[in-house]
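Reader: Could you walk me through this structure, one question at a time?

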Amino acid sequence: MLDGKIVIAFIGNGKSTNRYHAPFVLNRPDKIKIKYIYQRTLRPTAWEKIPGVEYTDDFDKILSDAEVDVVVVNTPSAAHYSTAKKILDAGKNCVVEKPFATSVEDAADLFATAKAKGVMVQCYQNRRFDSDFLTAQKVIESGRLGKIFEVCMHYDYYRAEIPEGAKSFDRASAFIYTHACHTVDQVISYFGEPREVRSDVRQLLGEGRMNDYFDLDFFYDGGLKVSVQSSYFRAKIRPSFEVYGLRGVFTKAEQDRQEADLKKFYLPAGHADFGLDAPENFGTIVYYDDAGNYHEEKVPSERGDYARFYDALYETIAHGASQLVTEEQTMAQMKILADAGKNLR
């Protein structure tokens, strides 16, 4: 640590580092310092350089710098395992973007290496702090819906050009790995590991093409079913969250707004309304109370904040707190994704 701050380096100088990580780290200047951003070939990019950060193409310089506490892997998915392995072998703590790896065996090897070297490795699961997910939790815990028997989570797009542009199958870019990793982690982190998982994972354009559809059903003791569904071919998106209980239903049509703001370069620093829902974005709860009276109300959204992952990381590195995203959770997710995608070719 340096002056009470943890020191980090990012591997990769693209969208992941500059849109989904750095803006939140820079909003925690009292806790975290970015020392390096690694780029394999130093050249101008669309992203403005961050003042005070050293941009380098020397990976070994980062790994040999005793000041660096954590190295964050933001490479393309196929390179996550090999990059993280090199970091851990050098005795550095490591955070790996989603997907953590593209096989159960590689994921297990990263955790085994971290243990052998006495360091930490953790998956970056920022979407635990999505506004819609946090709001759904608030509604469930209010008890107004009664016993919950079904939760439906959708992460839809209409981006036909992406699967249509991919002329061959690549497991590292399969939808089940690159997108289900968001929602499956939400399910595991809140509801725990399921008793049973059933999956329908497709290549809508045919075998040998990109995986562009998934539908996973998680079954729990006590009668709860949680479904996570997504496709690149949803011309009309489904609600982000639907929560059904014996007394009512909560529906949240729109997803968390942090990503939408980031895409417009409307950043958390200096914008108190960053990522906030307007009243027209609020979800709706419909329920019957104990007296049988009908209620229909808007539910103010909880505030999402991806920086909360880095708050937790700071506590782990600086004060020895437990990891936010545990090995058990990550391995459970990897096994679910691998099993769901096993027939893709």
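**Rings, charges and the core**

Author: Ring pairs join F133, Y190, F191, Y220 and F241 into a cluster. Rings of Phe, Tyr and Trp (its six-membered ring) pair if their centres lie within 6.5 Å; planes under 30 degrees apart count as stacked, over 60 as edge-to-face and the rest as tilted. Please bear in mind that this is a predicted model, where local features need pLDDT of at least 70 and side-chain atom pairs count only at pLDDT 80 or more, while totals for chains, interfaces and linings use all residues. Residues are numbered from 1 along each chain as its sequence is written, and side-chain values use heavy atoms, with hydrogens and water left out.

Reader: How many aromatic pairs does the count come to?

Author: A pair of aromatic rings is described by the distance of the centres and the angle of the planes. By the rule given above, the count of aromatic pairs comes to 18.

Reader: How are the rings of F133 and F241 arranged, stacked or edge-to-face?

Author: F133 sits in helix α5 (residues 131-142) and F241 in strand β11 (residues 241-245), 108 residues apart, so the pair links distant parts of the chain. Helices (H or I, at least four residues) and strands (E, at least two) are DSSP runs, numbered from the N terminus. The ring centres are 6.1 Å apart and the planes are at 20°, so the pair of F133 and F241 is stacked.

Reader: Is F133 buried or exposed?

Author: Buried means under 20% relative accessible area, exposed over 50%, and partly exposed in between (1.4 Å probe, protein chains only). F133 has a relative accessible area of 3%, so F133 is buried.

Reader: And how are the rings of Y155 and Y157 arranged, stacked or edge-to-face?

Author: Both Y155 and Y157 are buried. Their ring centres are 5.7 Å apart with the planes at 85°, so this pair is edge-to-face.

Reader: Which residue lies over the face of F219?

Author: A charge sits over a ring if NZ of Lys or CZ of Arg is within 6 Å of the ring centre and within 35 degrees of the ring normal. R202 lies over the face of Y213, at 4.6 Å from the ring centre. Over the face of F219, at 4.4 Å from the ring centre, lies R198.

Reader: How many salt bridges does a search of the whole structure find?

Author: Side chains of opposite charge can pair when their charged atoms come close. A salt bridge here is a side-chain nitrogen of Lys or Arg within 4 Å of a carboxyl oxygen of Asp or Glu. Searching the whole structure gives a salt bridge count of 27.

Reader: Which residue forms a salt bridge with R128?

Author: R128 is in the loop between β6 and α5, and its partner is 57 residues apart from it, in helix α8 (residues 180-191). Both residues of the pair are buried. The closest N and O atoms are 2.8 Å apart, and the partner of R128 is D185.

Reader: Is D290 buried or exposed?

Author: D290 forms a salt bridge with R247, the closest N and O atoms being 2.9 Å apart. R247 has a relative accessible area of 36%, so R247 is partly exposed. D290 is at 74% relative accessibility, so D290 counts as exposed.

Reader: Which residues are linked with R28 in a network of salt bridges?

Author: R28 is found in the loop between α1 (15-25) and β2 (32-38), and its relative accessible area of 14% makes it buried. Contact means heavy atoms within 4.5 Å; leaving aside neighbours within four places in sequence, R28 is in contact with D305, A307, R308 and D311. The network of salt bridges links R28 with K31, D305 and D311.

Reader: Which residues of helix α3 are buried?

Author: Helix α3 covers residues 80-89. What covers them includes β1 (6-11) and α4 (104-117). The buried residues of α3 are H80, T83, A84, I87 and L88.

Reader: How many residues are in the largest nonpolar core?

Author: In soluble globular proteins, nonpolar side chains tend to be buried together. A nonpolar core is a set of buried Ala, Val, Leu, Ile, Met, Phe, Trp, Tyr and Cys residues joined through side-chain atoms within 4.5 Å. F218 is among the members that touch the most others, and its contacts beyond four places in sequence include V184, V187 and I336. The number of residues in the largest nonpolar core is 97.
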